[in-house]
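Let's take a friendly look at how the parts of this protein meet. Have the sequence and the 3D view at hand, and we'll go from one contact to the next.

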Number of protein chains: 2
Amino acid sequence: MTTITKNLTNTPKALPPSDQLGFGQHFSDHMFVAKYTEGKGWSEASVVPYGPLSLDPGASVFHYGQALFEGMKAFRKESGEVVFFRPEFNYHRLAEGAARLCLEAPPMDLFMEGLHQVVAADERWIPKGPNTSLYIRPTLIGSEPFLGVRPSRETLFFILLSPVGSYYSEGTKPIKIWTEEKYLRAAPGGLGAVKAGANYASSLKAALEAKKKGYAQVLWLDVEHQGIEEVGTMNVFFVFDNEIVTPALNGSILSGGTRDAILQLLRSKNLPVVERRITITEVVDRLAKGELKEAFGTGTAAVISPVGVLHYQGKDWTINNNENGPLSTQLYNEITAIQRGAQADTLNWLVPLKK
Amino acid sequence: MTTITKNLTNTPKALPPSDQLGFGQHFSDHMFVAKYTEGKGWSEASVVPYGPLSLDPGASVFHYGQALFEGMKAFRKESGEVVFFRPEFNYHRLAEGAARLCLEAPPMDLFMEGLHQVVAADERWIPKGPNTSLYIRPTLIGSEPFLGVRPSRETLFFILLSPVGSYYSEGTKPIKIWTEEKYLRAAPGGLGAVKAGANYASSLKAALEAKKKGYAQVLWLDVEHQGIEEVGTMNVFFVFDNEIVTPALNGSILSGGTRDAILQLLRSKNLPVVERRITITEVVDRLAKGELKEAFGTGTAAVISPVGVLHYQGKDWTINNNENGPLSTQLYNEITAIQRGAQADTLNWLVPLKK
């Protein structure tokens, strides 16, 4: 494997207070970087002080959208041990996304070794408080400078670390969501299934307009404005009286790591969960009939985020009296208990940090 | 207006030979940069030596796809005078795109002043040979460092200059195109109408696969795999025996500057050109009947690029015996003659460089 060099900082930063972290506001002392060049392979793999990248203004990422990322977390267990949550899931999704975006994915051993080494270097940055974690952002960008549309022959891979608290300022309280019919996040044949910056680029305006109307996120529909896809930056689950439904992965929905973990957890309990197409018409019809008990979003950043109010075509529908429901509460408690080592990791999700 | 400072290089580069330019391979000695910060406005506007940007690895452009560009050209007329081709068109499209991507567009006077000053600084880079020009790449990126999906509160604006020859290695010979039914460039409600890096991100894989099969570009269809949208990085025109058709701007098609110029030129000649929905089924049906006389792509980079072969569902259709057709040849000759001052600029397309 490519050798990883280390150049540690002489001026470590002060840690932010663990009860005032917010999300994505602080970066740790170091980052991992490595570079791929066509014909040469991977080189310059190193743990270095967190700092600016020097990139040619003609680099592909500035012009042709070659940017892909992952979102994952490390936790400090109550025992003090540090664990990653399902890093192989994120590696494989990164590799699939890189193929779609014509970027080069790092080999798995380079990804994992870089991950362990940079987190080990910044272990003191893993916060200890409740609802905190170390958010990890592996990123691939096209760095070759040229104009004229074609894939970059250089890929820059870097991993950033950010100590985080709750994603939403609401904390774990239910959020209000806006069903979006003007803007589209992704379509079949596009990039929706991979974690490309491009998907987020399209979503910003919709989220901004929803926020101005008082909604924390948008509910994304498909191109026909019927099939439900995602909620904001999360996957979505609907808990009906007789089944739990999440939209099936149709090629434009992101295969979320927390979505997958929740499916595993629900199936391990023999709960009636199904992945299928579900339309906004069905959700609203069943809301009207009192059959929708809970709805929640799932994602690495927010873990589980209950939906308290769903806006659709001029009407605000309240779900579960705008309170946290029993299932979303239970799932949140179980996942976070497993992450902190307070509950047995029977589904083998955790990978200890190598020392 | 924001003051523009100048810091000119002491080590100008050697000019590349004007008959070996290719496209987007060379950058000039200088670039224009300016920065917008929420609450502060535009600052640091300057013409500086071309060189690396120093950007925080958490910058929005690396994660959330906030990247938008323009493509435009300056020409050296036969008289020696330097002219821009329709810079106001590009400014307005940039401003519309910035609003869609939640980036800040520079005020028009800053855009124009930066453009004139950087091109004046690098006037010697404007090539003289046939089919050459100075390609100009204004670019906006989100530069604020944070994680968590929201618009950047900082925008970096820069203008790069690249002396160019023909976009295609084929020169102005007809190209072969592949009708794409697997991948999608854009969909209604997405970013297709603006020049976002995100659209190109989705297109790279399709173009690569088409190239491997021997086709220079793909013909993009709409989400229903029927309506024709664009060809590769160009708009597209079909010349039938009784009408000239280009797809109407439907929200997912880019409003091309050359498309608009060609429409003006055709209308000034009272030729029967229409902007309407046109399907691949119609094109192939009329090809079979011998009614399709010519097809060509239009774009700033390639100007006009005749289509000689159209592949659709397993069959290669030859158009106009795979030769340059009379209308595309005439349009190419007229536009390039106007750009070089060999034909009167009756449509007021040219803006002289301020000295």
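## Where the two chains meet

Chain B and chain A bury about 4600 Å² between them, and carbon and sulfur atoms account for 68% of that. Keep in mind as you look around that this is a predicted model. Why quote an area at all? The size of an interface is often given as the accessible area lost when the parts come together.

On the chain B side, three residues stand out: Phe62(B), Leu147(B) and Leu204(B) supply 16% of the area that chain B buries against chain A, more than any other three residues. As for head counts, the contact takes 59 residues from chain B and 59 residues from chain A.

## What holds that contact

So what kinds of pairs turn up here? Across the interface of chain B and chain A there are zero salt bridges by the rule used, but 18 residue pairs are in polar contact, both partners at pLDDT 80 or more.

Quite a few elements of chain B join in with at least two residues each, including helix 1 (60-63), strand 8 (133-142) and strand 9 (154-164). Helix 4 of chain B gives the largest share of the side that touches chain A, with nine residues. Sort that side of chain B by class and you get 37 nonpolar, 16 polar and six charged residues.

## A strand pair across the chains

Now find strand 4 (residues 53-55) of chain A. Three bridges join it to strand 4 of chain B, and the two strands run antiparallel.

About 1700 Å² is buried between domain 1 and domain 2 of chain A, with 60% of it from carbon and sulfur atoms. On the domain 1 side, Phe69(A), Arg93(A) and Arg100(A) lose the most area to domain 2 of chain A, together 31% of what that side buries.

## A closer look at the domain contact

Between domain 1 and domain 2 of chain A, 10 residue pairs are in polar contact (both at pLDDT 80 or more).

How many salt bridges does the rule find across the interface of domain 1 and domain 2 of chain A? There's one. The side chains of Arg86(A) and Asp260(A) meet in a salt bridge, at 2.6 Å from N to O. Over all chains, the salt bridge count comes to 44. Arg86(A) sits in the loop between strand 7 and helix 2 of chain A and Asp260(A) in helix 5 (residues 257-268) of chain A, so this pair ties together parts that are 174 residues apart in sequence.

Conventions: Residues are numbered from 1 along each chain as its sequence is written. Chains are lettered from A and ligands numbered from 1 in the order in which they are written. This is a predicted model: local features need pLDDT of at least 70, side-chain atom pairs count only at pLDDT 80 or more; totals for chains, interfaces and linings use all residues. Side-chain values use heavy atoms; hydrogens and water are left out. Buried area is the accessible area (1.4 Å probe) that two parts lose on being put together, summed over both. A salt bridge is a side-chain nitrogen of Lys or Arg within 4 Å of a carboxyl oxygen of Asp or Glu. A polar contact is a pair of N or O atoms within 3.5 Å; within protein, one must be able to donate a hydrogen and the other to accept it, and residues adjacent in sequence count only if both atoms are side-chain atoms. Contact means heavy atoms within 4.5 Å. Helices (H or I, at least four residues) and strands (E, at least two) are DSSP runs, numbered from the N terminus. Ala, Val, Leu, Ile, Met, Phe, Trp, Tyr, Cys and Pro count as nonpolar, Asp, Glu, Lys and Arg as charged, and the others, Gly among them, as polar. Two strands pair if DSSP finds at least two bridges between them.
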